Amino acid sequence: MFVPGPPDRSAEVGGTSPTSARRRLAGALVHLYTASGSVLGLLIVLAAIDGDVVAALWLGLVALVVDGTDGMLARWARVKETIPWFDGARLDDIVDYLTYVFAPVVLLWTIGALPDGPVGWLLAALPLLASCYQFCRTDAKTDDHTFLGFPSYWNVVAFYAVVMDLGQTTVAIVLVVCSVLVFVPVRYLYPSRTETLRTPSLVLTAVWVGLYALLLAQYPDPHPLVVAASLAYVGYYLAVSGYLTYLAAQRRRRAPVGSESA
């Protein structure tokens, strides 16, 4: 008669059980999903150089979706536990710089939204340099899940510059103002993480993504009402960001002397 012995745990020696292996695979796939944004950044630049503005913006939309979902997937896969030696936050910052900053500036340059000569080069350099500072700030993402300073949404600037056919002067003003706002300690909504007004923010952000796609489908003749609806979300975003800044200021006033508040 066969008498079963104790369970064989040899596969778990060294920490490689089937379960942990599956979790590591899931974590690696999430990181690969995030890293795919770097390829999208390259494709955006190539489309811009080829003069295919619509393709560049569609690729930018895909990059937005990837960036908006990879954090949720990373938390689900518990990547910090399964692959602790790999810095997913740094990977995310690298990809975001490529897709939110570098590629959009290239697109603005190739469509003629920036003037020729030294002025154009200076305007192109402003968001690149300001965002270098933004991405290297240790407090760029606050403890209460907001962005501190303009969060380098140059892809959104490029999108409206194309869809609304903004002139060089308007684009120049927006680039200068937003570059300065990188250094101003205003708190900006982090749609997928900020707890305040989380549900309406998530819903309205999803609606805005849909409007982005609709405006691209209608390009070069977008319907004014669709444009207005899209800009209404921008107004909501700025209004909520102002409210978050106010709440943070109130917390600081109520905090005991010598203490820090998030």
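A disulfide is a pair of cysteine sulfur atoms within 2.5 Å. By this rule the count here comes to zero disulfides. The structure is a predicted model, in which local features need pLDDT of at least 70, side-chain atom pairs count only at pLDDT 80 or more, and totals for chains, interfaces and linings use all residues. Residues are numbered from 1 along each chain as its sequence is written, and side-chain values use heavy atoms, without hydrogens and water.

The sulfur of Cys 132 has its closest cysteine sulfur in Cys 136, at 6.6 Å, which is too far for a bond. Cys 136 is likewise in no disulfide. The table gives relative accessibility; buried means under 20% relative accessible area, exposed over 50%, and partly exposed in between (1.4 Å probe, protein chains only).

| Residue | Relative accessibility | Class |
|---|---|---|
| Cys 132 | 38% | partly exposed |
| Cys 136 | 65% | exposed |
| Leu 43 | 36% | partly exposed |

Leu 43 lies in helix H1 (residues 18-49). Helices (H or I, at least four residues) and strands (E, at least two) are DSSP runs, numbered from the N terminus.

Helix H9 covers residues 224-254, 31 residues in number. From first C-alpha to last, H9 reaches 45 Å, close to the 45 Å expected at 1.5 Å a residue; the expected span is 1.5 Å times one less than the number of residues. Buried residues of H9 include Val 226, Tyr 233, Tyr 236, Leu 244 and Ala 249. Among the elements covering the buried residues of H9 are strands E1 (146-148) and E2 (187-189) and helices H6 (154-163) and H8 (198-218), where contact means heavy atoms within 4.5 Å.
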